[in-house]
Amino acid sequence: MIQWYPGHMAKAQKEMEEKLKLVDIVLELVDARIPISSFNPIIKEKLKDKPHIVLATKSNMADEHWNNLWQLEFAKNNDSILFIDSIKRQNLNKIIPLCKLALQEKIKKEKEKGMKERPIRAMVVGIPNVGKSTLINQLVGKKTAFVGDKPGVTKSQQWIKIHKDLDLLDTPGVLWPKFDEQKVAYHLALTGAIKDQIFHKDDVILYFISFMQEKYPGSLNQRYQIDEHLEKLEILHEIARAKNFYQKNEIDYERVFDLILNDFRSLKLGRITLDRFNNE
Ligand SMILES: Nc1nc2c(ncn2[C@@H]2O[C@H](COP(=O)(O)OP(=O)(O)OP(=O)(O)O)[C@@H](O)[C@H]2O)c(=O)[nH]1
Ligand SMILES: [Mg+2]
């Protein structure tokens, strides 16, 4: 079982709870490929009556069919969800209208009390590497929040003016202390939410091969020109043979693992959704 809980994550969670009091609405980013594994049940608990919108990032990397299924599933649970792609700027223009809609009552009440109109204060939360900084940069139109391709880049919080009607708080990623399901840990590892150095790549990759054999038949075959019905370990060997990944006549597993991981993350195996429901 992968265990990961660096000190700054605990601190970030405490800070997040304090900042929660300052905002009108919370935008929770989830990764469209793992909308449940990247969803943080703790945040929802702490929100109480505060509106909450789920933004599923990297939706262009996820399986379109599953984006639609997840959209319906979240709606069933009364969770407002919007599939976005920050890099392709897909659906970003729907975020502010959605916030205004969710806060309709509050805005109306403040107006009735004679309060001056003010920008909505929102907060972006989400697990590491889910795309918080990228989204904020896109919304603000220039590089303000720091973006990196490694988890845990953003370590301090700051307000950012997004629009005349919206102020946003950038927060560091929050990951819950313990993944109580092995599958969740694998999904977080595959998508890059947890650092490559801290999980056992062999377990993750063997899991992924089984997943691909079952859910995306033909993909491994097409990419690596191998018989994908082979036993998992044999698949690794075949790929090593095809790519000539050897070191001192031994199979260089590390290179095979990295190849598969990079191929998944760079869409060379197609658009893939890892999280499923109804045993599908
Ligand atoms: N394709 C695609 N890639 C994205 C999207 N959003 C973010 N990324 C990529 O995901 C990686 C992480 O993005 P960041 O914005 O740094 O993520 P973060 O949540 O701020 O990460 P931390 O600060 O480390 O917690 C970067 O390589 C981004 O280019 C998206 O909507 N689509
Ligand atoms: Mg960041």
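How many salt bridges does the structure hold? The structure, a predicted model, holds 15 salt bridges, a salt bridge being a side-chain nitrogen of Lys or Arg within 4 Å of a carboxyl oxygen of Asp or Glu. In this predicted model, local features need pLDDT of at least 70 and side-chain atom pairs count only at pLDDT 80 or more, while totals for chains, interfaces and linings use all residues. Residues are numbered from 1 along each chain as its sequence is written, chains are lettered from A and ligands numbered from 1 in the order in which they are written, and side-chain values use heavy atoms, with hydrogens and water left out.

One of the salt bridges joins the side chains of D24 and K106, at 2.9 Å from N to O. This pair links distant parts of the chain, 82 residues apart: D24 is in the loop between α1 (7-19) and β1 (25-31), and K106 is in helix α5 (residues 104-112). Helices (H or I, at least four residues) and strands (E, at least two) are DSSP runs, numbered from the N terminus. D24 is buried at 5% relative accessibility, whereas K106 is partly exposed at 36%; buried means under 20% relative accessible area, exposed over 50%, and partly exposed in between (1.4 Å probe, protein chains only).

A salt bridge of 2.7 Å (N to O) is formed by the side chains of K100 and D165. K100 lies in helix α4 (residues 95-102) and D165 in the loop between β5 (158-163) and β6 (166-170), so parts 65 residues apart in sequence are tied together. K100 is partly exposed at 35% relative accessibility, and D165 is buried at 15%.

The side chains of K201 and D258 also meet in a salt bridge, at 2.6 Å from N to O. Because K201 belongs to helix α8 (residues 201-215) and D258 to helix α11 (residues 253-265), the pair ties together parts 57 residues apart in sequence. Here K201 is buried, at 13% relative accessibility, and D258 is partly exposed, at 27%. Salt bridges with shared partners join D24, K106, E110 and R118 into one network.

The largest nonpolar core has 59 residues, of which L27, L55, I95, I162, F208, I260 and I272 touch the most other members. A nonpolar core is a set of buried Ala, Val, Leu, Ile, Met, Phe, Trp, Tyr and Cys residues joined through side-chain atoms within 4.5 Å. Helix α8 supplies the largest share of this core, seven residues.
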